[in-house]
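Subject: Model handover

Hello,

Here is the model I promised to pass on. My notes follow below it.

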Amino acid sequence: MRVVFMGTPDFAAHLLKEIVSRGHEIAAVYTQPPRPAGRGMAEKKSAIHLLAESLGLPVRSPKSLKNAHAQADFAALDADVAVVAAYGLLLPQPILDAPRYGCLNLHGSLLPRWRGAAPIQRAIMAGDAESGVMVMKMEAGLDTGPVALTAKTPIGAEMTAGELHDRLAELGAPLMGDALDLLAKGELRFTPQADDGACYAQKIEKAEARIDWRRSAQDLHDLVRGLSPFPGAFFEADLGHGSERVKVLRARVEEGAGAPGAALDDAGLIACGAGALRLLRVQRAGKGEMGIEEFLRGRKLVRGVTLA
């Protein structure tokens, strides 16, 4: 198959390697443009941009695909199919229609549950017990297209969004590879999605990451897992030198009761609206991730003092 690959973050890297390894021709790799990053705000290429260059593949990084020039350039590639995985730009109808067999998307949820931008995070934040990846044919609606292939995986009770991301990337690469092989033989079949059970995985807003200790320990545990490692659920506390924002990257639900946000011991056990949350791995602003013992060395979460 002659393929246009469209992706940006690490999630798509396994997939690009898989397609190349199966002998399909990559007409071009589309990825988002370099963005300023780091303290120096130097422009940084995406993970897929760097991978494509290392594989000697032609890279295109338009800021938009809405203009006629970009659409004509895309159509001129004369692709059999476009493969899309976490690309991050809207595909207008002329782009969807240009490849001979349309555009196939690798989506990180069990559709129709969690259509939209943040399916991995939302699944964990909602306490879902299962997730998966699906190969679907893209259409004008948001993740509403018919589905061809599915791979499922359980979400472990302590699994973070980062860990689920990696698991789905591993499952998704061979799944899309199989889809392309079937498509080349004319044997790929699609089933329309049901509308029942559809829900949307909205982009994570900054305000959602703040820990509200009035919520139950289980809810906050799922929040921590769903936002780890990025952007990270956080609280603010005065630890002796002014207010400091602290991200929580690992936690555990334990028994305990007290005023929400109050420290119940000197080892990171915090009272919630119901139950208590044991902080395990945290990160201070501008610092690396650390265990709660290291974080508390030289400072205290004083019993009864409420965290913000």
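Which residues does A79 touch, not counting residues up to four places away in sequence? They are R2, V4, P99 and R100. Contact here means heavy atoms within 4.5 Å.

Some ground rules. This is a predicted model, where local features need pLDDT of at least 70, side-chain atom pairs count only at pLDDT 80 or more, and totals for chains, interfaces and linings use all residues. Residues are numbered from 1 along each chain as its sequence is written, and side-chain values use heavy atoms, with hydrogens and water left out.

**A79**

A79 is in the loop between α3 and β6. Helices (H or I, at least four residues) and strands (E, at least two) are DSSP runs, numbered from the N terminus. A79 is buried, at 5% relative accessible area. Buried means under 20%, exposed over 50%, and partly exposed in between, with a 1.4 Å probe and protein chains only. A79 and S243 are 164 residues apart in sequence. In space, their C-alpha atoms are 55 Å apart.

**The annotated stretch**

An unreviewed UniProt entry carries the annotation "binding site" on S109, L110, L111 and P112. UniProt positions are given in the numbering used here, feature names are shortened, and annotations may be inferred rather than shown by experiment.

S109 lies in the loop between β7 (103-107) and β8 (115-116). S109 is buried, with a relative accessible area of 2%. Its side chain reaches the backbone oxygen of R113 at 2.7 Å. That is a polar contact: a pair of N or O atoms within 3.5 Å. Within protein, one atom must be able to donate a hydrogen and the other to accept it, and residues adjacent in sequence count only if both atoms are side-chain atoms. Leaving out residues up to four places away in sequence, S109 touches W114, P119, S131, G132, V133 and M134.

L111 is in the loop between β7 and β8. L111 counts as buried, at 9% relative accessibility. Apart from its neighbours within four places in sequence, L111 is in contact with M134, M136, D143, V147 and Q193.

Most residues other than glycine have a negative phi, and most peptide bonds are trans. These are the exceptions I noted.

- D143, listed above as a contact of L111, has a positive phi near 55°. D143 is in the loop between β9 (130-137) and β10 (147-154). D143 is buried, at 13% relative accessible area.
- A86 has a positive phi of about 50° and is not a glycine. A86 sits in the loop between β6 (81-85) and α4 (93-97). A86 is partly exposed, at 36% relative accessibility.
- S228 and P229 are joined by a cis peptide bond, with omega about 10°. P229 is in the loop between α7 (217-226) and β12 (233-238).
- F230 and P231 are also joined by a cis peptide bond, with omega about 0°. P231 is found in the loop between α7 and β12.

**Helix α6**

How many residues does helix α6 have? Helix α6 (residues 161-184) has 24 residues and should span 34 Å at 1.5 Å a residue. The expected span is 1.5 Å times one less than the number of residues. The end C-alpha atoms of α6 are 34 Å apart, which agrees. Just after α6, G186 takes a positive phi of about 75°.

**Rings**

The count comes to two aromatic pairs. The rings of Y30 and F74 have centres 5.5 Å apart and planes at 70°, so this pair is edge-to-face. The rule: rings of Phe, Tyr and Trp (its six-membered ring) pair if their centres lie within 6.5 Å; planes under 30 degrees apart count as stacked, over 60 as edge-to-face and the rest as tilted. Y30 lies in strand β2 (residues 25-30) and F74 in helix α3 (residues 68-75), so the pair ties together parts that are 44 residues apart in sequence. Y30 is buried, at 2% relative accessible area. F74 is buried, at 2% relative accessibility.

**D265**

D265 lies in the loop between β13 (243-254) and β14 (269-271). D265 is buried, at 13% relative accessible area. Its side chain makes a polar contact with the side chain of R278 at 2.7 Å. The side chain of D265 also reaches the backbone nitrogen of G268, at 3.3 Å.

Best wishes
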